[in-house]
Amino acid sequence: MSVDLVTLEDVISHDLFPEVDAALRRGRHIDRSDDAWYYFLTESQGHLEAFYRRYGCEFVGRSDGFFFLVSTTGLLGKRMLSAGEMVVGQALALLYLSPSSVQQAGLISREQLLSHLTGILTLPTLIRVLTPQRRRVDERVAEQEVRDKVMTAARRLAALGFVDLVGEQIRLRAPLARFIDPVRSAMGTLEESLTKLIANNQASMAASDAETETAAEEEP
Amino acid sequence: MRVFARQASHHTDPVYGNWDSCDPRMTSDANKLLTGLVHEQVSLELRPVDLCFVAALYLQADRTSAPSFDSETLVDVYEQVCDIADPGAENPRKRATNAIERLRKQRLLVRIDGSGVVSAGEFSLSKLGIAIVDFFLAEDMLTRESLTVLTRSLIVQLVQVRTDARKANTDDDWRTRVATPLRVAVSELIGGIERRQRGMDAQQAEIRQSISQQLEQDWFLAVDRCENLLEQTASTLRELNEILLRDTQEFHAVLQDLQQLATVAGAMDTVDAIQRVGDQIDRIVAWGSTRHKAWTDYYQYVARYVRDVIRLDPDRALSQRLRDYLAKWPDAPYGLLVLGEPSHLGVREVDPRFEKPPVFQPLVERDVEPDEVAAHDELDALRMRVEAAIGAGESRLSSLTCGLLIDVEPARKYLTMGRIAQLAAPFADGAEPERPWVVVSDLVEIEEWHLTSKRSG
C-alpha cells in the first residue's frame with residue numbers, strides 16, 4: 001500500500017475519491033484504461049472493501065484487471081441489464097475474445113458489431129430480443145430499429161465502463177469479461193454457474209423479455 | 001493566368017507555405033507549368049506489370065551498364081516480367097508491344113536513336129521513369145536503416161553547421177557554409193527520417209496483422225511467436241523513446257545556438273532556413289509522440305490479451321461456449337446486476353389538497369311553453385317600404401330601386417330588385433308610350449317606369 005493511503009481517512013480524503021466513489025455507485029466498472037482511477041483503487045482496495053461492506057456492497061477486484069461494486073443488501077440501488085444490453089454485451093465479449101480484434105488493439109467499428117451480431121443471431125431473433133413489444137414485423141423498419149437499439153445498448157454499456165465509444169468506433173474493455181462468467185467453467189453446467197452468480201448477487205434471471213425491456217426503457 | 005493566381009491565393013501548400021507569399025516569378029512559372037500540363041492532357045496510368053517492367057529495365061541498365069535497349073531486349077525483359085507479374089498471360093510479345101507503346105506515350109520510355117519509324121529503335125528510360133524506380137528503391141533501402149542512426153547523423157551535421165557558423169565572417173560564408181548545408185544536407189537527412197517513419201508505420205501494420213493472423217490460426221501455440229513480435233514492437237518503442245528523450249533536445253539546443261548566431265550576424269536568410277529545419281523537427285517529434293502512445297497501447301493490449309484471454313483459455317473453448325449460448329438465446333435469459341442509484345426526479349411544489357365545492361345550479365322549469373311570435377315576412381316589410389316611398393312622392397322606379405337597395409347585401413340585390421318591381425307594378429303608369437332602360441348597378445339595367453301614388457286597376 002502506498003504511503004499516501006495508509007488509513008481509510010487517507011483514502012476518503014484523496015482528491016480522486018469523490019468521483020471514483022460516485023462512478024462506482026452508478027454501476028461503473030473501472031479498469032486499467034482508467035489509469036489514475038484504477039491505480040487509486042488498486043492502492044486502496046483493502047480499505048474500500050471494508051468501507052463498502054457497511055453499505056451492503058461487495059467491492060470486487062478481479063484478477064483480469066477491473067473493479068466494480070455488487071449490492072448485496074439493496075441499501076444501494078441495483079438494476080439488471082436489459083435483454084438488449086445482455087445480447088450486445090455478449091457479442092462484444094465474443095469480439096473481445098476474438099484474435100481479430102487484436103490487430104486494432106480492441107478497437108472495432110459499429111458495423112463490425114452489427115454484422116457480428118447478425119452473424120450469430122438471425123435478424124428475426126434479434127428483432128424478437130431487442131423489440132419484444134413489436135408484434136407485427138416489417139423487416140425494413142425493424143432492421144433500422146435493431147440498429148438503433150444496438151447502439152442504445154452500446155451507449156448504456158459505455159456508461160457502465162464495459163466499452164468506450166471513440167467517435168464511430170467502440171473500444172473493448174476488460175470488464176466485458178463479466179459477460180463470459182457463466183460459461184467460464186469447463187467443469188460445471190451453465191445452470192450451476194448461473195446459480196453461483198445469482199447467489200453472489202452478480203446476476204439475476206429475467207422474468208420475461210417484455211418486462212426486462214420495459215424496465216430498461218424506463219431507465220433515465 | 002490571373003484566374004489561377006486568385007484561386008491559389010487561398011491555398012496553403014504544406015511544403016512551400018502560402019503561395020501568396022511566394023516569389024511572383026515562381027507563381028508565374030507555376031501558372032505556366034500547370035497550364036501546359038492541362039493543355040497537353042498529361043496523365044500517368046501505370047498497371048503493376050508496367051511498373052515492374054520499368055523497374056526491370058532500370059535494374060537491367062544498372063547491371064549491364066548499358067543505358068539503352070534495343071527492341072528485342074525490351075520484349076525479352078517484358079516476357080520475364082510477365083512470367084512473374086502475370087503468369088499464364090497469352091501472347092506476351094503482343095502485350096510487350098502494347099506495354100512499350102503505353103510507356104512511350106507516358107514518356108517513361110524514350111526513343112534515342114533518332115532514326116525513322118522503319119528501322120528497329122533504340123530506347124532508354126526517361127528521367128521520369130528513372131525517378132519512379134529511384135523512389136521505390138530509396139523507400140526500400142532507407143526503411144531498413146535505424147532511425148537512431150539517422151537522427152544521430154542529423155545532430156552531427158547540425159553541430160558541424162554550428163561550428164561553421166561560429167567561424168563565418170562574411171555574407172558569403174553564411175550563405176555557403178551555413179544556409180546551403182541546412183537547406184541541402186540537413187533537409188536530405190530529415191527526408192530520410194521521414195521515410196524511415198513511414199517504414200516504421202508499415203512495419204507496425206505488418207506486425208499487427210501478423211500477430212492477429214497467427215493467433216487466428218494457431219491460438220495458444222502462437223503465443224511465443226507473438227511475444228517475439230511484441231519484442232520487435234518494444235525495440236521500436238525504445239528507438240522512439242531515445243529520439244523523444246535525447247535527440248530532440250539536442251536538435252533544439254543546436255538550432256537555438258544557430259539562430260542566435262545568425263540573428264547577431266544579421267543573416268536573415270539563414271534564420272529562415274533554421275526556422276524551416278525547426279518546423280520539420282517539430283513534425284518528427286509530433287509523429288514520434290503519437291506513434292509512441294499508439295504502440296504502447298498496442299503492446300499493453302496484446303500483452304493483456306495473451307495473459308487474460310489466451311493463457312486462461314488455451315483450447316479456445318470459452319468463445320465457443322459463449323457463442324453457443326448467444327446463438328440459442330433463451331426465452332428467460334439471465335441478466336447481469338449492476339449498481340444503479342435511483343434517478344433523482346425534479347420534484348415540484350405540491351399544493352395542499354382542498355375540497356372542491358360540488359357543482360350546482362338553481363332549479364328552473366325547463367318545460368316552458370314557447371311564446372307566439374309573428375313570423376318575420378321580408379316581402380311584407382319591403383312592400384311597406386315601397387308603398388311608403390311612393391306615397392312620399394317617389395315617381396321613378398329606378399330611383400325607388402336604388403334607394404331601397406342601399407342596405408341590401410350584394411348577394412340578395414338581384415332578387416330584391418325583382419321584388420321591388422313586382423311591388424311597384426300596381427303603381428306604374430301603364431299608358432307610357434316608351435320606357436327607357438336605366439342603369440341601377442354595375443350589372444343591371446331596368447326599365448324606367450313612371451309611378452303614381454294611385455294604384456292602377
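Q: Why does A:Gly56 count as buried?

A: Buried means under 20% relative accessible area, partly exposed is in between, and exposed is over 50% (1.4 Å probe, protein chains only). A:Gly56 counts as buried because its relative accessibility is 8%. One caution: this is a predicted model, where local features need pLDDT of at least 70, side-chain atom pairs count only at pLDDT 80 or more, and totals for chains, interfaces and linings use all residues. Residues are numbered from 1 along each chain as its sequence is written, chains are lettered from A and ligands numbered from 1 in the order in which they are written, and side-chain values use heavy atoms, with hydrogens and water left out.

Q: Where does A:Gly56 lie in chain A?

A: Helices (H or I, at least four residues) and strands (E, at least two) are DSSP runs, numbered from the N terminus. A:Gly56 sits in the loop between helix H3 (36-53) and strand S2 (57-62) of chain A.

Q: Which residues is A:Gly56 in contact with, leaving aside its neighbours within four places in sequence?

A: Contact means heavy atoms within 4.5 Å. With those neighbours within four places in sequence set aside, A:Gly56 is in contact with A:Val70, A:Ser71, A:Thr72 and A:Thr73. Also, A:Leu75 is 19 residues from A:Gly56 in sequence, and their C-alpha atoms are 6.1 Å apart.

Q: Which residues touch the most other members of the largest nonpolar core?

A: In soluble globular proteins, nonpolar side chains tend to be buried together. A nonpolar core here is a set of buried Ala, Val, Leu, Ile, Met, Phe, Trp, Tyr and Cys residues joined through side-chain atoms within 4.5 Å. In the largest one, with 74 residues, A:Leu92 and B:Ile211 touch the most other members. Helix H4 (residues 83-97) of chain A gives this core its largest share, 11 residues. Beyond its neighbours within four places in sequence, A:Leu92 has contacts that include A:Ile108, A:Leu157 and A:Leu176. There's also a second, separate core of 33 residues, with B:Phe251 and B:Ala267 among them.

Q: Which strands does S5 of chain B join?

A: Two strands pair if DSSP finds at least two bridges between them. In chain B, strand S3 (residues 68-70) runs antiparallel to strand S5 (residues 122-125), and 3 bridges join them. Look for B:Phe69 opposite B:Phe123 in S5(B). Strand S4 (residues 109-111) of chain B is antiparallel to S5(B) too, also with 3 bridges, and here B:Leu109 stands opposite B:Leu125.
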